[in-house]
Amino acid sequence: MEKFVTSDSVVCNLAAADKKQLLQALSALAAGVVPVTDHAIFDVLLERERLGTTGVGHGIAIPHGKVAGLKQVHGFFARLAAPVAFDAIDEQPVDLVFMLLAPTDAGGDHLKALAQVSRILRDQKMCERFRAARDNATLFGLLTEAQQAAEAAA
């Protein structure tokens, strides 16, 4: 996680009223870290959502896409202040969101990052800890801890 998530790309208590507002907020967060506009990021995320929801169930969404202008995979993690409807496969609202942005030529790296994020977010106990976090530093620490545990188990 440390390779593609930094303390600047983690937000606790992100406020959003709906899926569109959530994707806009994540796009704005990402635009502060990567050399791409929030509009370009939002367009990529919206296009991906049109193919099928990235709401994977159990209150979790993993929006992702390939964005021109990036040189590496970037991850952004948010715990929402309140769950929002996200058209998730289980029709439940989402409160944990991990957004992945990859270069347009990232093929394997993008898939490896998605797999790593999926493994971490399948751990219900870890998700409970993410949901209990009250600040960005705690959330980032938990994410780093989860990644280290996943690497040790692999």
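Reply: A contact means heavy atoms within 4.5 Å. The model is predicted, so local features need pLDDT of at least 70 and side-chain atom pairs count only at pLDDT 80 or more, while totals for chains, interfaces and linings use all residues. Residues are numbered from 1 along each chain as its sequence is written, and side-chain values use heavy atoms, with hydrogens and water left out.

Me: Among contacts in the chain between residues at least 6 apart in sequence, what percentage join residues at least 24 apart?
Reply: The count begins with contacts between residues at least 6 apart in sequence. The share of these that joins residues at least 24 apart is 70%.

Me: What pattern does the chain follow along the sequence?
Reply: Helices (H or I, at least four residues) and strands (E, at least two) are DSSP runs, numbered from the N terminus. The chain has five helices and six strands. Read along the sequence, they give the pattern β-α-α-β-β-β-β-β-α-α-α.

Me: What radius of gyration does the chain have?
Reply: The radius of gyration is taken over C-alpha atoms, and the globule rule is 2.2 Å times the number of residues to the power 0.38. For 154 residues, a compact globule would have a value near 15 Å. The chain agrees with this, having a radius of gyration of 14 Å.

Me: Is histidine 64 buried or exposed?
Reply: Buried means under 20% relative accessible area, exposed over 50%, and partly exposed in between (1.4 Å probe, protein chains only). Histidine 64 lies in strand β4, residues 64–66. Because its relative accessibility is 13%, histidine 64 counts as buried.

Me: Which residue's side chain does the side chain of histidine 64 join in a polar contact?
Reply: A polar contact is a pair of N or O atoms within 3.5 Å; within protein, one must be able to donate a hydrogen and the other to accept it, and residues adjacent in sequence count only if both atoms are side-chain atoms. The side chain of histidine 64 reaches the backbone oxygen of isoleucine 62 at 2.8 Å. Leaving aside neighbours within four places in sequence, histidine 64 has contacts that include Leu45, Thr54 and His110. Its side-chain to side-chain polar contact, at 3.3 Å, is with arginine 48.

Me: Is glutamate 49 buried or exposed?
Reply: Glutamate 49 is placed in helix α2, residues 38–51. Not counting residues up to four places away in sequence, glutamate 49 touches Lys19, Leu23, Thr54, Pro63 and Phe86. Its relative accessibility is 10%, so glutamate 49 counts as buried.

Me: How many Å apart in space are glutamate 91 and glycine 55, C-alpha to C-alpha?
Reply: Glutamate 91 belongs to the loop between β5 (74–84) and β6 (94–102). At 72% relative accessibility, glutamate 91 counts as exposed. Glutamate 91 and glycine 55 are 36 residues apart in sequence, and their C-alpha atoms are separated by 8.7 Å.

Me: What is the phi of aspartate 87 near?
Reply: Aspartate 87 is also found in the loop between β5 and β6. Aspartate 87 is exposed, with a relative accessible area of 58%. Aspartate 87 is a residue other than glycine, yet its phi is positive, near 60°.
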